[in-house]
Amino acid sequence: MTAHNLFRVFHKSLFRCAAPFAVAVAVACAPEPTEPPLDPSDDCPSGCSFELPGLPNRQGMHQVGVYENGDVLVVGGRRHGQVDAIADVFLLRGSADSWSELAPLLEPRVLHQLSVLNDGRALVTGGFDAGGIEGTEELPSATSTWRSAGDLQTERAEHAQVLHSDGDVYVFGGLFGPGAQTSAERWDASAAGSWTSLPSIPSNFSAGSAVELEDGDVLLTGGILDGDTLSRRAYRFDVDERSWTRVGDLQHARMTHTSTLLPDGRVLVAGGYALRSAEVFDPSTNTFRLVGDMAEVRERHSATTVIGG
């Protein structure tokens, strides 16, 4: 297996994970475009895992971002056994064996979202503290302090967030008030503090997943519709036309899962609440098909594809 056939999946573990309060890294084999995705007969996805140094304050439900140079940023969450959100921020540089504490968030938050922009800024949106959070924050660099990035049009937590190739950040759905919502917004990265509303998602959406496709569309999958109802629904959002299209349903209803763009343009949808299963979305047919199960149930994890290492 050559190096260009590998992708790394960075998992931020939570209270239900096997290795709590650490950031684990699993390495699996990414198939060539002409091969079936993640063939269960391939022995690579079932092993090949290792752990990064444990976080110093036993925090979970945090958000993880990876800089272009490989540094890992961990933001917010809550400490084990506690309910209150925290503002703690840590950075793991390159091959360092310990975490560096950075300037704290302006506002503690949990169930928030984080994006690391191409210019090195980090953007945090939404979440909960004593209540829902409208405010957003940006960190210009690892050596600076957090500053306001403007207020969302609607407070939200458990939403989905995408750093788009156009340089802007898009947020979708989330929890607000009594339940899941349909609203969506865009943050103009060139005009910090500028949030604008987008057309509403056709159905309620929270605790789902979103990813940009190769053509620039954004794919939304799963989540919570109302109450405890999990969703198999999936939608494509055309960023240029600002329009929604429903595509084929997921094979399994899922929430708190991941969606990862593969090198051939397909999307790997993995895990979620009480699930080991994974499926692949084909953008040419707008359909999903099941692939091999993961070795463990994973939810609220994160996954990043890295080509060539």
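Modeller: F237 is buried, with a relative accessible area of 1%; buried here means under 20% relative accessible area, exposed over 50% and partly exposed in between, with a 1.4 Å probe and protein chains only. The rings of F237 and W244 have their centres 4.6 Å apart and their planes at 40°, so this pair is tilted. For such pairs, the rings of Phe, Tyr and Trp (its six-membered ring) must have centres within 6.5 Å, and planes under 30 degrees apart count as stacked, over 60 as edge-to-face and the rest as tilted. W244 is buried as well as F237.

Before going further, please note that this is a predicted model, in which local features need pLDDT of at least 70 and side-chain atom pairs count only at pLDDT 80 or more, while totals for chains, interfaces and linings use all residues. Residues are numbered from 1 along each chain as its sequence is written, and side-chain values use heavy atoms, with hydrogens and water left out.

The structure holds 6 aromatic pairs. In one of them, the ring centres of F172 and F237 lie 6.1 Å apart with the planes at 70°, so the pair is edge-to-face. F172 belongs to strand β15 (residues 169–172) and F237 to strand β22 (residues 234–238), so this pair ties together parts that are 65 residues apart in sequence. Strands (E, at least two residues) and helices (H or I, at least four) are DSSP runs numbered from the N terminus. F172 is itself buried, at a relative accessible area of 0%. Through ring pairs, F172, Y235, F237 and W244 are linked into a cluster.

Strand β22 also holds R236, which is buried, with a relative accessible area of 11%. The side chain of R236 is joined to that of D217 by a polar contact of 3.2 Å. A polar contact is a pair of N or O atoms within 3.5 Å; within protein, one must be able to donate a hydrogen and the other to accept it, and residues adjacent in sequence count only if both atoms are side-chain atoms. A polar atom of the R236 side chain also lies 3.0 Å from the backbone oxygen of P283. Leaving aside neighbours within four places in sequence, the residues in contact with R236 include L213, D215, L219, W244, F281 and N286, where contact means heavy atoms within 4.5 Å.

Setting this part against the whole, the chain has 0 helices and 27 strands, and 54% of its 309 residues count as buried. Among contacts with a separation of 6 or more, 47% are between residues 24 or more positions apart.

Charged side chains make links of their own, for the structure holds 16 salt bridges, each defined as a side-chain nitrogen of Lys or Arg within 4 Å of a carboxyl oxygen of Asp or Glu. One of them joins R109 to E137, with the closest N and O atoms 2.9 Å apart. R109 lies in the loop between β9 and β10 and E137 in strand β12, so the pair ties together parts that are 28 residues apart in sequence. R109 counts as buried at 0% relative accessibility, and E137 counts as buried at 2%. Another salt bridge, at 2.6 Å from N to O, is formed by the side chains of D168 and R186. Here D168 sits in the loop between β14 (160–163) and β15, and R186 in strand β18 (residues 184–187), so parts that are 18 residues apart in sequence are tied together. D168 is buried, with a relative accessible area of 10%, as is R186 at 15%. In a further pair, D264 and R266 form a salt bridge with the closest N and O atoms 2.4 Å apart; D264 is partly exposed, at 23%, whereas R266 is buried, at 12%. D119, R121, E138 and R147 are linked in a network of salt bridges.

β11 and strand β12 (residues 135–139) pair in the antiparallel sense over 4 bridges, and two strands count as paired if DSSP finds at least two bridges between them.
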